[in-house]
Amino acid sequence: MAFRELASTPAPEPPGAPWPASMERTPDGLRFAGAALSELAAYGTPVYLLDEGELLARARAWREALPDGRIYYASKSFLTPAVARWMMAEGLDLDVASEGELRTALAGGVPGERLGLHGNAKSRELLELALEVGVGRIVLDSPGEADLLEEIARNRGVSAPCFVRVTTGVHAGGHEFIATAHEDQKFGLSLATGEAKALAQRVAGSDSLELRGLHSHIGSQIAGTDGFVAAGERIIELVVELAGEGIAIPEIDLGGGYGIVYTALDPTPVAPAQVISEIRGALEELCAKAGIDLPELSIEPGRSISGPAGITCYTVLGVKDVTTADGVRRYVSVDGGMSDNIRPALYQADYTAMLNRASEAEQVACRVVGIHCESGDIVVPDVALPGDITPGDLLVVAATGAYGRTMASNYNMLPRPGVLGVREGRAHWLWRPETWEDLLGQFAEDDGGAGTPAREG
Ligand SMILES: *Cc1c(COP(=O)(O)O)cnc(C)c1O
């Protein structure tokens, strides 16, 4: 059979990307953050595993790379109250983009002034709450939102700290749905048409809004630094223009999107210190030419902190060979799928996987799939796995710490898996798994429907 005709490669062996630095292979199987994978799997699969040491080390690397600026951890990538508290303890601030994320950060004890509020559409209730808890910055995404926030701030007798989100036109990132700075999409105000500048002028002229800075986020999973430098340069051009009108911009935020390694095909990410020095170098030069000081810099890494710190552990349920035009592909079905990781279906995101147990068997071309009723329910599109893979085997997928649990769904009525935080061999539920009671408790006991008369005896 022509397994070899499918260009599958095995996952790189740990330690090292895409696996957390603490992961290792022993004759008895994999170890994760000092614990045996088989013992962690005994909590039940599928399960997300988070290496807390790796998460903190990654936060620290960004903090050290930008000691005089602000690092906003993008909470949508992975957030629990404990994670919010740890980020704060590491000297990071937090980005939130919904009432739920805001409340989770507050539940972790993060004061309002260390939160940045994002979103292309924010409700009156959310803006009220933001001002009530004293959110440090609100990133405006439309003139209408500025009007609404101004009204709310005026009624409260406060001045709302604002950034203006600028669409720089820099196209970066892997998939169209994660690139956010081209023109025809929902985020930000265009630099090219002058809409960004007009909103900055409007905020600067308001008695209830305070213009604190300009914001750019060009997309996600971006390799290298060229895109960030290009976007930063365009932002600085606007800073210079506004300075000419007497409008000062104290801070610029270049967003997140720093790429990570998901598979052996991904380039090694540029280290945080080098990312910052390249961006700063280019922007300082531009500012010097224009005769202005470089505004304070802030950035918003999400996945580059949480992504590589997490893996998902599944149990293999079934193995089936399927003949394709290119040869035979072995379909390995696991006990989760698109409900715990939507990214392959949503963005054609690639991942890699390996077995817990060591095997000398010949490697075969595999596709790891979930148990959902969709042919797009793919966990890993193409990976070489040992040919003796069999139901009951434990299989781990790398780099699922970001946008795994936070994008999980209950499709096919699957309870969402929990996240086990693991540190120095000790595990605890950072986010407990959903139970059947959680799921079934959402339905009214009498599901006769609203308005349906009670049945008579
Ligand atoms: C999603 C997002 C981020 C984080 O993106 P990552 O790819 O996780 O680094 C940062 N800023 C904004 C505005 C975002 O929407």
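In this report a residue is called buried when its relative accessible area is under 20%, exposed when that area is over 50%, and partly exposed in between. The model is a predicted one.

Glu90 has a relative accessibility of 17%, so Glu90 counts as buried. Its salt-bridge partner is Arg60, and the closest N and O atoms of the two are 2.9 Å apart. Glu90 sits in the loop between α3 (81–89) and β6 (93–96), while Arg60 belongs to helix α2 (residues 52–65); the pair links distant parts of the chain, 30 residues apart. Arg60 has a relative accessible area of 36% and is therefore partly exposed.

The whole structure holds 27 salt bridges. Three of them are listed here, including the pair just described.

| Pair | Closest N to O distance |
|---|---|
| Arg25 and Glu13 | 2.7 Å |
| Glu90 and Arg60 | 2.9 Å |

Arg137 and Asp253 are both buried.

In the pair of Arg25 and Glu13, the closest N and O atoms are 2.7 Å apart. Arg25 is in strand β1 (residues 24–26) and Glu13 in the segment before β1, 12 residues apart. Arg25 is partly exposed at 26% relative accessibility, and Glu13 is partly exposed at 44%.

What of a buried charged residue with no salt bridge, Asp51? The nearest side chain of opposite charge, that of Arg423, is 7.3 Å away, and a salt bridge requires the nitrogen and the carboxyl oxygen to be within 4 Å. Asp51 lies in strand β4 (residues 47–51). Its side chain has polar contacts with the backbone instead: the backbone nitrogen of Gly53 is 3.1 Å from a polar atom of the Asp51 side chain, and the backbone nitrogen of Glu54 is reached at 3.0 Å.

The ligand is surrounded by 15 residues, and the closest are Lys76, Ser220, Gly257, Glu300 and Tyr403. By class, this shell has 3 nonpolar, 7 polar and 5 charged residues. A ligand oxygen is 2.7 Å from an N or O atom in the side chain of Lys76, and an oxygen atom of the ligand is 2.8 Å from a polar backbone atom of Gly257. A nitrogen atom of the ligand is 2.7 Å from an N or O atom in the side chain of Glu300. On its own the ligand has 390 Å² of accessible area, and the protein covers 92% of it.

Definitions and conventions
Residues numbered from 1 in each chain as written. Predicted model: local features only at pLDDT ≥ 70, side-chain atom pairs only at ≥ 80, totals over all residues. Heavy atoms only, no water. Near = heavy atom within 4 Å. Polar contact = N/O pair within 3.5 Å; in protein donor to acceptor, adjacent residues only side chain to side chain. Areas by Shrake-Rupley, 256 points an atom, 1.4 Å probe, with all protein chains shown as cover. Nonpolar A, V, L, I, M, F, W, Y, C, P; charged D, E, K, R; others polar. Helix = DSSP H or I, 4+ residues; strand = E, 2+ residues; numbered from the N terminus. Buried < 20%, exposed > 50% of the residue type's maximum accessible area, 1.4 Å probe, protein only. Lys, Arg positive; Asp, Glu negative; His and termini not counted.
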